[in-house]
Amino acid sequence: MPSPGDLHRYFLNNGSKILHKWFHYFDIYERHFERFRDRPITMLEIGVFGGGSLEMCQSYFHPESRIVGLDINPKCKRFEGGNIEVHIGSQDDPNFLGKLVKKYKKFDIILDDGSHINSHVIKTFEALYEHVSSNGVYFVEDMHTSYWKDYGGGLKKEGTFIEFAKNHIDQLNAAHVPGDDYPVTEFTRTTNAIAFYDSVVVFEKRLQGTRQHAKTGPLKKTDL
Ligand SMILES: C[S@@+](CC[C@H](N)C(=O)[O-])C[C@H]1O[C@@H](n2cnc3c(N)ncnc32)[C@H](O)[C@@H]1O
């Protein structure tokens with residue numbers, strides 16, 4: 001039976017494949033992934049490494065889910081088995097990502113734990129976000145690299161994933177920007193929330209209708 005804390009428990013008791021995670025990620029995973037547990041989903045994890053994270057997801061999500069891994073290292077192919085499939089290629093190769101999309105159509109969850117190079121993370125998001133299902137989640141972790149020079153990072157530096165994600169806050173609110181200079185985009189129409197945590201950014205999709213508001217309560221004519 002699924003219960004809160006399952007992922008963290010799995011991690012702490014893991015005696016199987018190598019798994020490397022920051023402790024504070026588990027609360028964030030549970031918050032955004034829990035609602036997917038009761039049905040088969042398709043999940044893509046970018047960055048397979050020792051295969052432990054794919055196996056953790058396999059145990060956490062519905063047994064008929066498809067757990068898909070992507071890694072540049074051909075040795076990761078050995079972690080395929082059961083409902084885990086692994087594809088070898090680079091996350092910054094649009095042709096390779098295009099083939100994945102053709103095969104799987106939509107992903108309910110994408111978890112980017114790959115190269116953590118800022119330009120790659122942005123390129124991957126740009127290629128894959130539209131292929132997240134309409135109630136899905138795009139999860140990017142280890143974004144402390146947005147501040148690290150070796151990964152193309154730097155505080156408030158253009159071209160980092162954190163700056164890219166900050167700009168998406170305006171896109172989320174584009175319907176409220178007066179004038180025609182900042183139009184509503186597909187991102188505005190399909191995104192419900194962006195959540196920022198230490199080193200993690202999560203995009204929650206949900207189709208957005210026209211924004212509406214109302215007043216309720218004991219209104220007087222002068223309140224209208
Ligand atoms: C942080 S590890 C993944 C850890 C794994 N998700 C876990 O939780 O145990 C990063 C992985 O990304 C892979 N990687 C590095 N550059 C990549 C690229 N350009 N495209 C795809 N994968 C890449 C590495 O080979 C490595 O296995």
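Trainee: Let me start with one residue. Is Gly50 buried, partly exposed or exposed?
Mentor: Keep in mind that this is a predicted model. Gly50 counts as partly exposed, because 15 C-beta neighbours lie inside 10 Å, and a residue needs 20 or more to be buried.

Trainee: Where in the chain is Gly50?
Mentor: Gly50 sits in the loop between β1 and α3.

Trainee: And which residues is Gly50 in contact with, leaving aside its neighbours in sequence?
Mentor: Lys17, Ile18 and Leu19, once those within four places in sequence are set aside.

Trainee: Change of topic. How many residues surround the ligand?
Mentor: 22 residues surround the ligand, and the closest are Gly47, Phe49, Ser53, Gln91 and Ser115. The elements that give two or more residues to this shell are β1 (42–46), α3 (52–60) and β2 (66–71).

Trainee: How does the shell divide into nonpolar, polar and charged?
Mentor: Six are nonpolar, 11 are polar and five are charged.

Trainee: Now the sheet. In what order do the strands come?
Mentor: The order is β3-β2-β1-β4-β5-β7-β6, an open sheet of seven strands with mixed pairing. At the edges are β3 (84–88) and β6 (191–197), each of which pairs on one side only. On average, neighbouring strands are turned by 15° against each other, ignoring direction.

Trainee: What holds strands of a sheet together, in general?
Mentor: They pair through backbone hydrogen bonds, and the pairing is either parallel or antiparallel.

Trainee: Which pairs run parallel here?
Mentor: Among them are β2 and β3, which pair over five bridges; Leu70 stands opposite His87 in β3. Four bridges join β1 to β4 in the parallel sense, and there Ile46 has Asp112 of β4 as its bridge partner. β4 and β5 are also parallel, joined by five bridges, with Ile110 partnered by Tyr138 in β5.

Trainee: And which run antiparallel?
Mentor: β5 and β7 do, with four bridges, and Val137 stands opposite Glu204 in β7. β6 and β7 are antiparallel too, joined by six bridges; Thr191 stands opposite Lys205 there.

Trainee: How many residues lie between β6 and β7?
Mentor: Two, and the strands form a hairpin. Ser199, in the turn, has a positive phi of about 70°.

Trainee: Let me pick one from β2. Is Ile67 buried or exposed?
Mentor: Ile67 lies in strand β2. Ile67 is buried, because 24 other C-beta atoms lie within 10 Å.

Trainee: What does Ile67 touch?
Mentor: Leaving out residues up to four places away in sequence, Ile67 touches Met43, Leu54, Cys57, Gln58, Phe61, Asn83 and Ile84. Its C-alpha atom is separated by 9.9 Å from that of Phe107, which is 40 residues apart from Ile67 along the chain.

Trainee: On to helices. Which residues of α5 are buried?
Mentor: In α5 (residues 118–128) they are Asn118, His120, Val121, Thr124, Phe125 and Leu128. Seen down the axis of α5, these buried residues fall within an arc of 160°, so they line one face of the helix.

Trainee: Why would residues a few places apart point the same way?
Mentor: An α-helix has 3.6 residues a turn, so those three or four places apart point the same way.

Trainee: What do the buried residues of α5 pack against?
Mentor: They pack against β1, α4 (94–104), β4 (107–112), β5 (132–140) and α6 (161–172).

Trainee: Last one, α2. Which of its residues are buried?
Mentor: Tyr25, Tyr29, His32 and Phe33 are the buried residues of α2 (residues 25–33). Down the axis of α2 they fall within an arc of 85°, so they line one face of the helix. They pack against α1 (6–13), β4, β5 and β7 (200–205).

How values were computed: Residues numbered from 1 in each chain as written. Predicted model: local features only at pLDDT ≥ 70, side-chain atom pairs only at ≥ 80, totals over all residues. Near = placed C-beta within 6 Å. Nonpolar A, V, L, I, M, F, W, Y, C, P; charged D, E, K, R; others polar. Pairing = 2+ DSSP bridges. Axes fitted to C-alpha atoms, helices over the stretch in contact; angles between N-to-C directions. Buried ≥ 20, exposed ≤ 12 C-beta atoms within 10 Å, placed from the backbone. Contact = placed C-beta atoms within 7 Å. Arc of directions from axis to C-beta.
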